[in-house]
Amino acid sequence: MAAMVGSVGVMVTLLMCVLGGQALDLLRVTATSGTPPSTPRVHCWCSSYPNMTLCSWPEPSISPPTHYIATYSERHRPLDTKQCQLIQPGSSSSDLTSTSSSSSERLWHCQLPNLRLLTDYIFNITAVYSGGSSSHLSSFMLEDIVKPDPPVNVRVSPQDVRNLLVQWSPPPSWANLNIFPLKYQILYRWENRGNPKSVNLGPFESTKVELKGLTPGRTYVFQVCAKELLGLGMCSDWSSPVKITIPRRKL
């Protein structure tokens with residue numbers, strides 16, 4: 001790690017890497033004078049393995065850059081650099097979500113098409129300002145950043161006085177369900193005398209499960225997350241919560 005600060009210009013370089021591993025983070029900031037420009041906070045994820053990879057970063061609310069330059073390349077072929085498709089906030093395609101940002105942030109997105117399996121990639125985003133620039137490089141392997149969108153259409157229906165049937169649908173954005181199936185986890189929670197309780201069940205390969213032995217008269221909240229069947233990457237964000245109160249009498 002190194003840092004250089006002068007009275008006329010500013011140059012900051014931060015490097016973190018693991019030799020022979022997957023991790024690489026490189027920050028470069030240059031400015032002709034004054035405070036260094038803001039550096040993009042980049043988050044990359046694959047919402048539909050292997051053909052939907054996105055990187056996103058929030059635009060600074062104060063003094064945004066004049067423009068961005070976004071490129072990517074295979075780690076062992078750094079000269080074969082490709083431009084990625086930028087999607088600016090407010091565009092017709094800006095309904096894409098990023099799981100690392102608040103809803104109030106204006107997000108830029110970049111689509112990385114046709115990535116190769118089991119290959120290290122380097123993503124470079126440069127924010128260009130009138131008085132300098134700020135670049136952030138990060139590396140990833142597609143299999144490490146798999147994160148489906150949440151399951152949809154979660155339904156909970158009473159089956160008996162103490163049993164519930166929980167059903168859901170796979171995330172519509174997961175395009176290769178037959179080739180790359182998903183597995184699911186169920187989270188349900190309740191309050192017992194003012195104290196929060198929760199249970200996390202799964203994984204389940206089906207899109208429904210019957211839960212037995214629940215307490216009549218108690219209110220439960222259910223959510224579901226999805227993960228690639230072989231365990232690539234991480235589970236999705238939890239689905240929107242569904243609340244139900246167990247009837248006190250048999251239906």
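View 1. Of the 251 residues in the chain, 41% count as buried. This is a predicted model, and its chain has 18 strands and 0 helices. Looking at contacts with a separation of 6 or more, 60% are between residues 24 or more positions apart.

**View 2. Strand β10 and its covered residues.** Here we move in on β10, which spans residues 120-129. The strand is mostly covered, with 9 of its 10 residues buried. In a regular strand, side chains alternate between the two faces of the sheet.

**View 3. The partners of β10.** On show here are two pairings of this strand. With β6 (residues 67-74), β10 pairs in the antiparallel sense over 8 bridges; look for Ile69 standing opposite Thr126 of β10. With β11 (residues 132-141), β10 also pairs in the antiparallel sense, over 10 bridges. β10 and β11 form a hairpin, with 2 residues between them. To follow this pairing, find Val128, whose bridge partner in β11 is Ser133.

View 4. Pro40 sits in the loop between β3 (24-31) and β4 (43-48). Setting aside neighbours within four places in sequence, Pro40 is in contact with Trp57, Tyr68, Ile125, Ala127, Ser134 and His136. Take Ala127 from that list: Pro40 and Ala127 are 87 residues apart in sequence, yet 7.1 Å apart in space, C-alpha to C-alpha.

Technical notes
Residues are numbered from 1 along each chain as its sequence is written. This is a predicted model: local features need pLDDT of at least 70, side-chain atom pairs count only at pLDDT 80 or more; totals for chains, interfaces and linings use all residues. Side-chain values use heavy atoms; hydrogens and water are left out. Helices (H or I, at least four residues) and strands (E, at least two) are DSSP runs, numbered from the N terminus. Contact means heavy atoms within 4.5 Å. Buried means under 20% relative accessible area, exposed over 50%, partly exposed in between (1.4 Å probe, protein chains only). Two strands pair if DSSP finds at least two bridges between them.
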